[in-house]
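Here is a quick walk through one model, helix by helix and contact by contact. Keep the 3D view open while you read.

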Amino acid sequence: MSEKQKKINLFKKNVLSRHEWDDIEGNKLINDFLQVSKMAEDLKESNFKAYTMFMSLVQDKIKLQEECDERGKRISRLQKK
């Protein structure tokens with residue numbers, strides 16, 4: 001198992017499985033840029049470390065979405081050939 005995979009498994013075990021949250025509500029919030037912006041402002045004022053982590057996670061989500069969209073476009077172009 002690679003180091004990257006070990007790190008992912010640690011996050012699954014030690015973070016995702018230990019804490020409960022409403023994933024559906026979370027996805028609704030993360031897709032509403034006004035809500036995300038408001039939460040970022042609140043975190044920046046109250047907990048700067050949480051704000052920094054939150055912004056990094058938002059940036060990672062955006063990058064992954066852009067990569068996914070780009071892959072979808074490339075696949076679509078290849079299927080048309």
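What follows is a short report on this predicted model, grouped by topic.

## The helix α4

Let's start with helix α4, which runs over residues 48–80.

Which residues of α4 are buried? Tyr51, Phe54 and Val58 are. The cover over the buried residues of α4 includes α2 (23–30) and α3 (33–46).

Tyrosine 51 has a relative accessibility of 17%, so it counts as buried, the cut-off being under 20%.

## Leucine 29 in α2

Over in helix α2 you'll find leucine 29. Is it buried or partly exposed? With a relative accessible area of 25%, leucine 29 is partly exposed.

What does leucine 29 touch, once neighbours within four places in sequence are set aside? Its contacts are Gln35, Val36 and Met39. For a sense of distance, take leucine 64: from leucine 29 it's 35 residues along the sequence, and the two C-alpha atoms are 17 Å apart in space.

## Salt bridges

How many salt bridges does a search of the whole structure find? The answer is four. One of them joins lysine 6 to glutamate 3, with 3.7 Å from N to O. The two residues sit in helix α1, three residues apart, which is about one turn of the helix. Lysine 6 is partly exposed at 40% relative accessibility, while glutamate 3 has a relative accessible area of 60% and is exposed.

Another pairs aspartate 42 with lysine 38, and here the closest N and O atoms are 2.9 Å apart. These two are both in helix α3, four residues apart, again about one turn of the helix. Aspartate 42 is partly exposed at 35% relative accessibility, and lysine 38 is also partly exposed, at 46%.

## A salt-bridge network

Some of the charged side chains go beyond a simple pair. Which residues are linked in a network of salt bridges? They are Glu70, Arg74 and Arg77. Within that group, glutamate 70 bridges to arginine 77, and the closest N and O atoms are 3.5 Å apart. Glutamate 70 has 35% relative accessibility and counts as partly exposed; arginine 77, with a relative accessible area of 46%, is partly exposed too.

Phe11, Val15, Leu16 and Trp21 make a nonpolar surface patch of about 410 Å². Phenylalanine 11, one of the patch residues, lies in helix α1, which covers residues 3–16.

Where is methionine 1? You'll see it in the segment before α1. Methionine 1 is exposed, at 70% relative accessibility. Leaving out residues up to four places away in sequence, methionine 1 touches Lys6 and Asn9.

Serine 46 belongs to helix α3, and α3 takes in residues 33–46. Is serine 46 buried or exposed? Its relative accessibility is 61%, so serine 46 counts as exposed, the threshold for that being over 50%. Compare its position with lysine 6: serine 46 and lysine 6 are 40 residues apart along the chain, and their C-alpha atoms are separated by 32 Å.

How values were computed
Residues are numbered from 1 along each chain as its sequence is written. This is a predicted model: local features need pLDDT of at least 70, side-chain atom pairs count only at pLDDT 80 or more; totals for chains, interfaces and linings use all residues. Side-chain values use heavy atoms; hydrogens and water are left out. The expected span of a helix is 1.5 Å times one less than its number of residues. Buried means under 20% relative accessible area, exposed over 50%, partly exposed in between (1.4 Å probe, protein chains only). Contact means heavy atoms within 4.5 Å. Patches are made of residues with over 30% relative accessible area and no salt bridge: like charges are joined within 9 Å, nonpolar side chains (Val, Leu, Ile, Met, Phe, Trp, Tyr) within 5 Å. Accessible areas come from the Shrake-Rupley method with a 1.4 Å probe; for residues, only the protein chains shown count as cover.
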